[in-house]
Amino acid sequence: MSIDWQTFALTLELAVTVSLILLLLGLPIAYWLAFSRWRWKFLVEAVVALPIVLPPTVLGFYVLVALGSRSPLGRWWISLTGHTLAFTFAGLVIGSILYSLPFAVQPFAASFSSVDRKLIAASATLGASPWRTFFRVIAPLSVPGLITGTVLSFAHTMGEFGVVLMVGGNIPGVTRTVSIDIYDRVQASDYAGANQTALVLLVLCFVLLALVYGLNRKALAIHPRPTSQR
Amino acid sequence: MNDLHAAVRKRFGSAESDFALDVAFDAAAGFTILFGASGAGKTTLLDCVSGLAQPDTGRISVGERVLFDSSSRVSVPVAQRRVGYVFQDLALFPHMSVEQNVLYGLKPLPDAEHKQRTSAILRSFRVDHLAQRNAREISGGERQRVALARTLVTDPEVLLLDEPLAALDAPTKAKIINDLRAWNEAHGIPILYVTHSREEVFALGERVLMLDAGRVVAQGTPHQVMTAPRQQTVAQLAGFENIFDATVEAVHPERGTMLCGIVACGIMVGSVASDATSAHGAGAPVLIETPLVRAAVGSKLRVGIRAGDILLAISPPQGLSARNVIPGRITSLEQRDVIVSARVNCGEVIGSVEMEVHLTLAARDSLQLAPGKQVWLVIKTHSCYLMQN
């Protein structure tokens, strides 16, 4: 009966990697969803939202197929690295990114859409490029949404089970995450170990979320500089 | 001097409303006022010049520089037009200080020059003491000044102002207009200024374009435009309680006046429906002196008179400069909040020429006004506004 700290380290690494990549990948997708006037945009919105409704096993299955040695992507990866993507940490990251995509993109896009269009128009009339407008006006006014999206994708990856099981299997130190460890222990009737591991995960997640929401409250009250003169 | 030239057509098609903006004009350095009711297309026109909206066809240029040309498929992006635009709601960046707002539009320059230009423009609009404050924490008039400074510091070649002073009290407004004038004396760029306030038209106007339903219906000096015969809809917007059918009886070009005979026209005016429809045409017209407009004797016009512009006397007044003294009889008195609205019949037949006059409560009481009382209405020549029929 002991806690397998290696699975915690691996899970944290996975969640941090995925949420950081989603922050970078999610921004342009969310920007496009918020501002594009393409008439078929709703189709893209539906695809982005798919992981919310699909069972993780379905998603995991297709990711496994897509990463396997019979798919073009899988063959390309093998020719590049010499081994398959499935049952590796990199494969796990790819599966998790797809699985958590809507949890990052939807809060990002919602906060971009809620930025007053007049401010964006004002920025353009003042000569600012779309890039400058994004980094100086849209992003700063969307900070709460950016934090929410990143925290949600982090939390969602921390607790993920189905996709990890399908894509990663259960290789200690490579793809064995906390949730799979807990499942294993229950299967082996090690209820005390399962309980301890679950409890640590619960406390860890609570502390992280409380920290982030506490910081977020400060970020909401943005002031450029303390007021000095009247 | 780089004049602004704009010829713009833009349709907004929908099932219920079909609105088309179709205007062409030149604006030299200085103020050009765009005057008209809401929905006349003023803001859409500004959006087209700034590039925020795309005309269907047309051409917009500043001097030699083409900003938009549908025939050669040119449309310069908003950010490169060098057209300053101050919105009605100002759109200051809420997460920045006043100084950061003003710095925002400046191109990369040495730090010292940045600071110098920012503080110079803030000083010329009298908001330099607010530089470090957050844009959300300053008063309405200060926000207006900061929005102007933020736009002007970028040295635009054209300035668009969409009712930027609409929310301000008159003294604050006048001071800001003076500062804006002073700024433009040094820079001399075309300024398109949208308003629906008549006071602002006369205060600012070197030149006025009157827009109605997407078209320019009159242009010229404020005096020419505001006194020219024009569309009924614009007159109603400006709030005439009294509108009559008028026939030109005589013109006196040497005096700048003419004589019109007026009769009720039986249209809905404001909240009060003229009940004279049945009496239309009955009785002789009442003669009034009006300003001269381009109209021949015998032509049919409409004349509008504001209820607040009419004086009411209980004995025949003498020694007045006002040219119209019309006898009549009060038909009704109605109190609306602190204003008394009197209806006075001036024609031979009841209802043929009935005028609405606004009075104070004190005036009603001290003159002991009551229905049936004989009164004299005093109307200045220039309180009579002529419109095309």
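# Close-ups of a predicted model

**S341(B) sits across from H358(B), its opposite number in strand β21(B).** Keep in mind that everything shown here belongs to a predicted model. The strand that pairs with β21(B) is β20 of chain B, residues 339–345; the two run antiparallel and are joined by seven bridges. Is β21 of chain B mostly covered or mostly uncovered? This strand, residues 354–360, is mostly covered, with five of its seven residues buried.

**Five strands of chain B line up in an open sheet.** Reading across, the order is β16-β13-β12-β17-β23, and the pairing is antiparallel. At the edges you'll find β16 (286–291) and β23 (384–388) of chain B; each has a single partner strand, so one side of each has no neighbour in the sheet. On average, neighbouring strands here are turned by 45° against each other, ignoring direction. Now look at β12 (residues 242–252) and β17 (residues 300–305) of chain B: six bridges join this antiparallel pair. Which residue of β17(B) is the bridge partner of D245(B)? That would be R302(B).

**Helix α1 of chain B is largely enclosed by the rest of the structure.** Why say so? Because eight of the nine residues in this helix, residues 42–50, are buried. The buried set is K42(B), T44(B), L45(B), L46(B), D47(B), C48(B), V49(B) and S50(B).

**Zooming out, chain B holds nine helices and 23 strands.** Of its 389 residues, 40% are buried. Take the contacts in chain B between residues at least 6 apart in sequence: 70% of them join residues at least 24 apart.

**Here chain B meets chain A, with 23 residues from chain B and 21 residues from chain A taking part.** On the chain B side, the largest share comes from strand β7 of chain B (residues 83–86), which supplies three residues. How do the residues on that side divide by class? There are ten nonpolar, ten polar and three charged.

**In chain A, helix α3 crosses helix α5 at roughly 135°.** The axes of α3(A) (residues 56–67) and α5(A) (residues 89–113) come within 10 Å. That angle makes α3(A) oblique to α5(A), and the crossing is right-handed. From α3(A), the contact uses P56(A), L59(A), G60(A), V63(A) and L67(A), while α5(A) brings G91(A), I94(A), G95(A), L98(A) and Y99(A). By class, the residues of this contact come out as seven nonpolar, three polar and no charged.

Which residues meet here? V48(A), A49(A), P51(A) and I52(A) from α2(A) meet L98(A), Y99(A), L101(A), P102(A) and V105(A) from α5(A). The tally for this contact is nine nonpolar, no polar and no charged residues.

Note on methods: Residues numbered from 1 in each chain as written. Chains lettered and ligands numbered in written order. Predicted model: local features only at pLDDT ≥ 70, side-chain atom pairs only at ≥ 80, totals over all residues. Buried ≥ 20, exposed ≤ 12 C-beta atoms within 10 Å, placed from the backbone. Helix = DSSP H or I, 4+ residues; strand = E, 2+ residues; numbered from the N terminus. Pairing = 2+ DSSP bridges. Contact = placed C-beta atoms within 7 Å. Nonpolar A, V, L, I, M, F, W, Y, C, P; charged D, E, K, R; others polar. Axes fitted to C-alpha atoms, helices over the stretch in contact; angles between N-to-C directions. Parallel < 35°, antiparallel > 145°, perpendicular 65-115°, else oblique. Left-handed = near helix turned anticlockwise from the far one by under 90°.
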